[in-house]
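Please open the model in a viewer and follow the selections below in order.

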Amino acid sequence: MPASRFIAQLNAQIGNELAAHNQYLACAIYYDALTMPRMAAFFYGQALEERDHAMMMVQYLVDTDAEVVIPAVAAPTSAFADLVAPVELALAQERTVTDQINGLLRIAREEGDFASEQFMQWFIKEQVE
């Protein structure tokens with residue numbers, strides 16, 4: 001079983017990933033309403049990717065007999081000042097997620113939780129992409 005600190009933070013990260021899903025969905029809808037199908041499609045794809053990340057984390061916890069707690073998430077920003085604002089928000093969000101993923105890896109290392117450290121390596125690589 002993963003370290004308890006790691007489990008708690010991974011559950012929090014599930015909420016972060018689901019919040020990112022909702023935010024990207026809101027961005028997609030914004031561009032869809034402006035009849036910008038390529039931007040909408042990009043953000044719909046990003047939304048699905050974030051949901052998939054959350055589900056990978058859920059599955060890891062289930063597979064390791066750890067408790068899964070799906071946290072509540074705040075409503076996403078859905079009104080934007082201009083066409084660039086959703087992209088700027090997405091970039092800032094990705095930078096935050098990178099810090100969060102690095103923090104999870106740090107916790108796994110500090111706890112000597114090698115399986116969780118290995119699990120997080122995929123996300124480290126994904127954030128680079």
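Select residues 4-33 to begin: this is helix α1, with 30 residues, and the distance from its first C-alpha to its last is 44 Å, close to the 44 Å expected at 1.5 Å a residue. The expected span is 1.5 Å times one less than the number of residues; helices are DSSP runs (H or I, at least four residues) numbered from the N terminus.

The model is predicted, so local features need pLDDT of at least 70 and side-chain atom pairs count only at pLDDT 80 or more, while totals for chains, interfaces and linings use all residues. Residues are numbered from 1 along each chain as its sequence is written, and side-chain values use heavy atoms, with hydrogens and water left out.

Now display α2 (37-63) and α4 (114-128). Their axes (lines fitted to C-alpha atoms over the stretch in contact) lie 12 Å apart, at an angle of about 175°. α2 is therefore roughly antiparallel to α4 (angles over 145 degrees). On α2, select E49, H53, M56, M57 and Y60; on α4, select A115, S116, F119, W122, F123 and E126: these residues make the contact (heavy atoms within 4.5 Å).

Finally, turn to the largest pocket, with a volume of about 220 Å³, the space filled by probe spheres set on the grid points. Of its 14 lining residues, Q46, E49, E94, E126 and E129 are the closest to its centre; lining residues have an atom within 4 Å of a point of the pocket, an open set on a 1 Å grid where a 1.4 Å probe fits, with protein on both sides within 12 Å along at least five of seven lines. α2 gives the most to this lining, with six residues.

Terms used. Helices (H or I, at least four residues) and strands (E, at least two) are DSSP runs, numbered from the N terminus. Axes are lines fitted to C-alpha atoms, for helices over the stretch in contact, and angles run from 0 to 180 degrees between N-to-C directions. Angles under 35 degrees count as roughly parallel, over 145 as roughly antiparallel, 65 to 115 as roughly perpendicular and the rest as oblique.
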